[in-house]
Structures are given as C-alpha cells and as structure tokens.
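Subject: Structure for your files

Dear colleague,

Here is the structure I promised to pass on. My notes on it follow below.

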Amino acid sequence: TGTERRRIGPMLTEHERAAQEVQRRKEAEERARIAEERRRERVLTARYPDEAAHQAEREAAIDQVEEVIVVAHKRIQALKAERKRFDTELEFYRGDTNKAPVKLQRQIAENEADQAEQQRFLAAQDVEKRRIHQRFDAELAQLRQLWSAQRASSTQWGPSPVAAPAQK
C-alpha cells in the first residue's frame, strides 16, 4: 500500500552511537534540571505566597538564633562570676597561679577555655545570622520575579470581565 510503518536510519558506528547516547543523556539531564527548578519555584511560591509571609519566616529564623545568643551570653556571665570567685581564692596565694593548688589551677584553666569556647560559639552564631539573611535575600529576589510573573500571567489569562446586564 506504500504506507510507512517505521523509518530505519543508517547503521551508526560505535563512535556515532556513543556520541548520540551522550547527547541523549545531556538532553535528559537538562530536562530533569528544568523540571526540578520549576518544582522548587512552585514549592517556594506555595511556602511564601507574599512578601509578608517571607519576612515573618526570616524573623522567626533570626529569633531562634537570637535566643541561642542570649543563652550563650548568660553562660558567659556565669563563667565570669565563677572566675571572680576563683580570683578571690587566688588572692590567698598572692595572685600567683603557680603557688595555687592544682585543683584551682585546673578550674581557672577550664574557666578560661569555656569562656573562649563561648566566644567562638557567639562568632559562629553571628556567621549563622549573616548566612540566614543572605539566604532570605536571595530567596526574596527570586520570589519577587516569580510573584511578578504570577501576577502577569493571572492578568493575562484571568477571567474576562463580564458585561453588566442592561438595566431597563
């Protein structure tokens, strides 16, 4: 009848088949990347429908870090009070830690190490706050584009205004 059932291409060499397979993989990876990007965008816009929701989430994340910082400051104050107690005990030995008992020397060293650790922890929390702000700033920039695109598509494809019925 002359109908074409299928088309058989020329026989490919091993090199050509490998190149074709590499091309197919690249295209599949690109499609998967685009699909994943769209999925992330949908999740992001569902999670943050407007800028107020995004700002509230930012504030909540920063508040968590701030709570941890307050606890760390309280710990530092407690360590400083403990250190004052050690210093008053050290006055008995004329301020010379070498003449103090080993237990007191160890307590002073542990106190200093604990204070240094708390300072490092506070520095890490400051870095965490900056990281949170950077993440939310990047999200906000992306969300603003997505929100404007949504508004544009909803006005373009939104329901057409219906004419009001004529009054008699």
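A salt bridge is counted here when a side-chain nitrogen of Lys or Arg lies within 4 Å of a carboxyl oxygen of Asp or Glu. The model is a predicted one: local features need pLDDT of at least 70 and side-chain atom pairs count only at pLDDT 80 or more, while totals for chains, interfaces and linings use all residues. Residues are numbered from 1 along each chain as its sequence is written, and side-chain values use heavy atoms, with hydrogens and water left out.

Salt bridges

By that rule there are 19 salt bridges. In one of them the side chains of Glu 117 and Arg 120 meet at 2.7 Å, N to O. Both residues lie in helix 3, 3 residues apart, about one turn of the helix. (Helices are DSSP runs of H or I with at least four residues, numbered from the N terminus.) Glu 117 counts as partly exposed at 41% relative accessibility; buried means under 20% relative accessible area, exposed over 50%, and partly exposed in between, with a 1.4 Å probe and protein chains only.

Arg 75 forms a salt bridge with Asp 114, where the closest N and O atoms are 3.6 Å apart. Arg 75 belongs to helix 2 and Asp 114 to helix 3, so this pair ties together parts that are 39 residues apart in sequence. Arg 75 is partly exposed at 37%, and Asp 114 is partly exposed at 31%.

Arg 83 pairs with Glu 112 in another salt bridge, with 2.7 Å between the closest N and O atoms. This pair also links distant parts of the chain, with Arg 83 in helix 2 and Glu 112 in helix 3, 29 residues apart. Elsewhere, Glu 21, Arg 24 and Arg 25 are linked in a network of salt bridges.

Nonpolar cores

A nonpolar core is a set of buried Ala, Val, Leu, Ile, Met, Phe, Trp, Tyr and Cys residues joined through side-chain atoms within 4.5 Å. The largest has 15 residues, and those with the most contacts inside it include Tyr 48, Phe 136 and Trp 147. Helix 2 (51-91) and helix 3 (102-157) each supply at least two of its residues. The largest share, 7 residues, comes from helix 3. Apart from this core lies another of 5 residues, among them Phe 86 and Leu 104.

A buried arginine

Arg 58 is in helix 2 and counts as buried at 9% relative accessibility. Leaving aside neighbours within four places in sequence, Arg 58 is in contact (heavy atoms within 4.5 Å) with His 133, Phe 136, Asp 137 and Leu 140.

Regards
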